[in-house]
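Hello,

Here is the structure I promised to pass on to you. Please open it alongside this email, and my notes on what turned up follow below.

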Amino acid sequence: MTAKNSPTAVGSHSLNAPDPKTPRPASVPPARPPMSGSWLAAQGRLPLAFMGLALVWLAAAALMLALAPGLLALPHTHPHVVALTHAWVLGFFVTVACGATYQLAPVALGTTLVGERSGWWHFWLHAIGVPGMVYSFWVWDLEQLGHFGTAVAVGVVLFSINVWRTVRRAGRSGVVATSLILSAGWLLLAVLLGLLLAANRFWGFIPLDPVALLRAHAHIGLAGFFLTLLQGVAFQLVPMFTLGDVRDWRRAKAGLWLAQGGLLVLAPALAWHLAFLAFAGAAAIVAGVFSSAWGLARALDTRKKRRLDPGVRVFLLGAIVLCIAAVAGLALLAPGTPWGSAPGGFGAMTYAVLVLGGGLLPCIAGMLCKIVPFLTWMRAYGPKVGRGPTPAAGALTQPRLEAAAFALQIAALVPLLIGTWLLHPVWLGVGAWILFAGVLLFLGDMAGVMRHLWRPVTVVAPAKKIPVKNAS
Ligand code: HEM
């Protein structure tokens, strides 16, 4: 495989086989199989299946919002709003994140996934369970919600065990490995608490405010799973795609552990209405987020690739908005503040739109448009390397289409925020349709990439020169 046509030309250090001359400590398990093109092609099937499923959910969730933008003006506990939330969160975001974990865990840790078969069980349980859950939320059928939710939860149990065993087998520690294990644990906790909430709505056996429990569940899912995952994988992905280096892990480590400590305080404090403790927990999370952001900025300073492509740019923009959203969340929790769950103004819904639309969507979509071309390339062209011309992985995407898609998705945030603040249907409609247009362009780009799986090109256009400057 030549450097020019390898998909890892932008980040070879973490995707290549280890140096055979490096002495192996006694505690490290036997070497992984060599990462040949065909080996990675076989490994890439599972993550690619998750990415495909996530793209279908992205279309469905964006369409749901475009057809009923007024949902964002309802109280966030309304069944249709909870259905819409889970279409986005479980259908799109969690599906991408699980697929990315199945891809990144072996690559980052230099091992193979322990349970490929259990990964496929997870895929099918998730593919069947989530649509059932979204429908059950919509019609508020708590019995069916319990059944479909259990399917999703069993899938997440398999996922967590798989991640944990993979990290253990790799025998690695460090921020990325720790964040993979912790995030899988938080996801498991979120789905189990979700099932408990559903059971409690049905039988009413927990003597606590259901909205307070909902908040605890939502934060364990969103901050516990996604934030923890991002605080680790960002330090793998960003240096990989910008040819940078993490020279000092202290800020990343401090960021991860501050946020973990904060979450452990915040979640119970939200459930039991302990305002001061909730604020203290949130403050620790904010400190953790900023520490991670600082560490990432330092890693970016070392990059050799000065011009960032749309995927990396939008990922970083999402990270900046997440920092802003963390401060907004802290303000919402300040003891004595009048803001709460009621629609309108600065409340839960505006905050949720900022976190999901401004923070997570750019981060996850940015990640998708780096990982999907890589996986597609591996499946379509990996086994052909050395036997004929193959295109570069970067040539599979259409950067202009990607940039336009991201611009629309980001532009949609403004009317959506104004709409949720003023409870104005026109602003909400405009925002939802701009977002839908951005999603359609993004799906067009992704479809163009995945087309190579069925129709690989045989004649390769001359590679464009990527400007590379020295870090100095
Ligand atoms: C088996 C999986 C899950 C089940 C059964 C479930 C169940 C529920 C239930 C019943 C509610 C509404 C609570 C109420 O009104 O009392 C809820 C709300 C919520 N859940 Fe889940 N959940 C699951 C997974 C997740 C995950 C993985 C996340 C995030 C990563 C998540 C994020 C949220 C959010 C943000 C809300 C608040 C929605 C709103 O207020 O509109 N859920 N969940």
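First, one term: a residue is called buried if 20 or more other C-beta atoms lie within 10 Å of its own, exposed if 12 or fewer do, and partly exposed in between, with the C-beta atoms placed from the backbone. By that count, buried residues make up 51% of the 472 residues in the protein.

Two notes on the source before going on. This is a predicted model, in which local features need pLDDT of at least 70 and side-chain atom pairs count only at pLDDT 80 or more, while totals for chains, interfaces and linings use all residues. Residues are numbered from 1 along each chain as its sequence is written.

The overall fold

The protein has 14 helices and zero strands. Helices (H or I, at least four residues) and strands (E, at least two) are DSSP runs, numbered from the N terminus. Two residues are in contact if their C-beta atoms, placed from the backbone, lie within 7 Å. Among contacts between residues at least 6 apart in sequence, 81% join residues at least 24 apart.

The ligand

Which residues are the closest to the ligand? They are His-76, Gly-149, Gly-194, Ala-218 and Gly-221, out of 27 residues that surround it. A residue is near a molecule if its C-beta atom, placed from the backbone, lies within 6 Å of it. Helices H4 (79-109), H6 (142-170), H7 (175-203) and H8 (210-242) each supply at least two residues of this shell, and H7 gives the most, with eight residues. By class, the shell has 18 nonpolar, eight polar and one charged residues. Here Ala, Val, Leu, Ile, Met, Phe, Trp, Tyr, Cys and Pro count as nonpolar, Asp, Glu, Lys and Arg as charged, and the others, Gly among them, as polar.

A pair of helices

Next, have a look at H12 (residues 348-380) and H14 (residues 425-454), whose axes come within 8 Å and cross at roughly 15°. The axes are lines fitted to C-alpha atoms, for helices over the stretch in contact, and angles run from 0 to 180 degrees between N-to-C directions. That crossing makes H12 roughly parallel to H14; angles under 35 degrees count as roughly parallel, over 145 as roughly antiparallel, 65 to 115 as roughly perpendicular and the rest as oblique. On the H12 side, the residues making the contact include Ala-365, Cys-369 and Val-372, and on the H14 side they include Phe-442, Asp-445 and Met-446. By class, this contact has 10 nonpolar, two polar and two charged residues.

Two buried residues

Val-134 is found in helix H5 (residues 116-139) and counts as buried because it has 24 C-beta neighbours inside 10 Å. Not counting residues up to four places away in sequence, Val-134 touches Ala-83, His-86, Ala-87 and Gly-91.

Leu-270 lies in helix H9 (residues 250-271), and its 25 C-beta neighbours inside 10 Å make Leu-270 buried. Leaving aside neighbours within four places in sequence, Leu-270 is in contact with Ala-212, Arg-215, Ala-216, His-219 and Ala-278.

Two loop residues

Leu-243 is not a glycine, although it has a positive phi of about 55°. Leu-243 sits in the loop between H8 and H9 and is partly exposed, with 19 other C-beta atoms within 10 Å. In the loop between H9 and helix H10 (275-301) you will find His-273, whose phi is near 55°, a positive value in a residue other than glycine. His-273 counts as partly exposed, with 13 C-beta neighbours inside 10 Å.
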